[in-house]
Amino acid sequence: MVSFLFVFSLLIPLVMLCGVIWLVVWSQRRRRQAAMQRAAQVAAVGWYLVPPNPWLVQVAGTLFPSNGEVAAAYAGEFRGRGLCVFDYTYVTSNGKTQQTHTVQFVALNLPVALPSVTVMHETGLRRMFRGHDLELENVEFNERFRVECDDDRYGYAVMHPRMMECVMLNPGLEWLIAGNALVSWGQGAFQVPDVLARAEAMTRLIELLPPFVLRDYGQPTYR
C-alpha cells in the first residue's frame, strides 16, 4: 500500500508535466496554423507587407498604452481607397503577473486631411476621466457613444443625423479621424474577412462626410 502511494505521488507531477508540454505544443501548432491561414488570406486579397506607419502607431499609442509594438503591417486597397491594417500588442502588469493584449487597427485614406474627431463606446470610466463629450440631439446615441473633438462646430458638422444612424447600425465600430485617415480598431488579432467587413462599414462613414466639411475643414494631402 505504501509503495503504491509512493508511485502514485510520483506519477502526479509527471502527468502534470506532460499536460503542460502538450498544452505548449498544441498552442504553438495552433498559432502556426492561424499564421499560415492569415498569410493565405492576405495574399488572396493582394495586400503586401510594409513598415509600420509611425503616425498610425502614434495614434494607437494614444488609445492604448504607448509602449506597444506592431508585429506586422500590411497595405493594400479597398474600394479605391488606400488601406493599412496591423496588430498592436501591449503588456499590462498588476505587479505580480503580466498580460499581453492585441488590438487590430484598420485605416482607410481620406481625400483630405481633417481635424481629429473620435467616436467611442460610452462607459462610466470614460465619462469620468476622458473629459469633454459632444452632446448631440439624439439622446440614445449620447447614452451609447461619446464624441470627442476640439471644435464643437466641426463635431456637429461631422456627426449629422445620418452619420449617427450609421454609427448606431454598426454599434461594434469605434473610430477616429486622424489626418487623412479614418481609423478603426477592435480587440484581437486581425483576420482578413473581419477587416473587409470593418472596412465596408468604414467606407459608409467616409461617404457620409458632408462635402462642405471636406471643403471647409480639409487640408491637402501629399503622396
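Read along the sequence, the protein chain of this predicted model follows the pattern α-β-α-β-β-β-α-α-β-α-α-β-α-α, which comes to 8 helices and 6 strands. Of its 223 residues, 40% count as buried, and the chain exposes about 13,400 Å², of which carbon and sulfur atoms supply 60%. Among the contacts with a separation of 6 or more, residues 24 or more positions apart account for 65%.

In soluble globular proteins, nonpolar side chains tend to be buried together. Here the largest nonpolar core has 43 residues, and those that touch the most other members are Trp47, Leu83, Phe141, Met159, Trp175 and Ile177. Two or more residues are given to this core by each of strand 2 (69-78), strand 3, strand 4, strand 5 (145-149), helix 5, helix 6 (161-169), strand 6 (174-187) and helix 7 (192-207). A second, separate core has 20 residues, including Leu56, Val59, Val103 and Trp185.

At the N-terminal end, helix 2 is capped by Asn53, a side-chain oxygen of which lies 2.8 Å from the backbone nitrogen of Trp55.

A search of the whole structure finds 9 aromatic pairs, and one of them is formed by Tyr88 and Phe105, whose rings are edge-to-face, at 6.2 Å centre to centre and with 80° between the planes. Because Tyr88 lies in strand 3 (residues 81-93) and Phe105 in strand 4 (residues 98-121), this pair ties together parts that are 17 residues apart in sequence. Both partners lie under the 20% limit for burial, since Tyr88 has a relative accessibility of 1% and Phe105 has a relative accessible area of 1%.

In a second pair, the rings of Tyr154 and Tyr217 have their centres 4.9 Å apart and their planes at 50°, so this pair is tilted. Tyr154 belongs to helix 5 (residues 152-158) and Tyr217 to helix 8 (residues 211-217), so the parts that the pair ties together are 63 residues apart in sequence. Tyr154 counts as buried, at 1% relative accessibility. Tyr88 and Phe105, for their part, also belong to one aromatic cluster together with Phe64, Phe86, Tyr90 and Trp185.

Strand 4 also holds His101, whose side chain makes a polar contact of 2.7 Å with the side chain of Thr92. With residues up to four places away in sequence not counted, His101 touches Tyr88, Thr89, Tyr90 and Thr92, so that two members of the aromatic cluster, Tyr88 and Tyr90, are among its contacts.

A last point concerns the cysteines. A disulfide is a covalent bond between the sulfur atoms of two cysteines. The structure holds 0 disulfides. Cys149 counts as buried at 10% relative accessibility, and Cys166 likewise counts as buried, at 9%.

Note on methods:
Residues numbered from 1 in each chain as written. Predicted model: local features only at pLDDT ≥ 70, side-chain atom pairs only at ≥ 80, totals over all residues. Heavy atoms only, no water. Phe/Tyr/Trp six-rings, centres within 6.5 Å; stacked < 30°, edge-to-face > 60°. Helix = DSSP H or I, 4+ residues; strand = E, 2+ residues; numbered from the N terminus. Buried < 20%, exposed > 50% of the residue type's maximum accessible area, 1.4 Å probe, protein only. Core = buried A, V, L, I, M, F, W, Y, C linked by side-chain atoms within 4.5 Å. Disulfide = S-S within 2.5 Å. Polar contact = N/O pair within 3.5 Å; in protein donor to acceptor, adjacent residues only side chain to side chain. Contact = heavy atoms within 4.5 Å. Areas by Shrake-Rupley, 256 points an atom, 1.4 Å probe, with all protein chains shown as cover.
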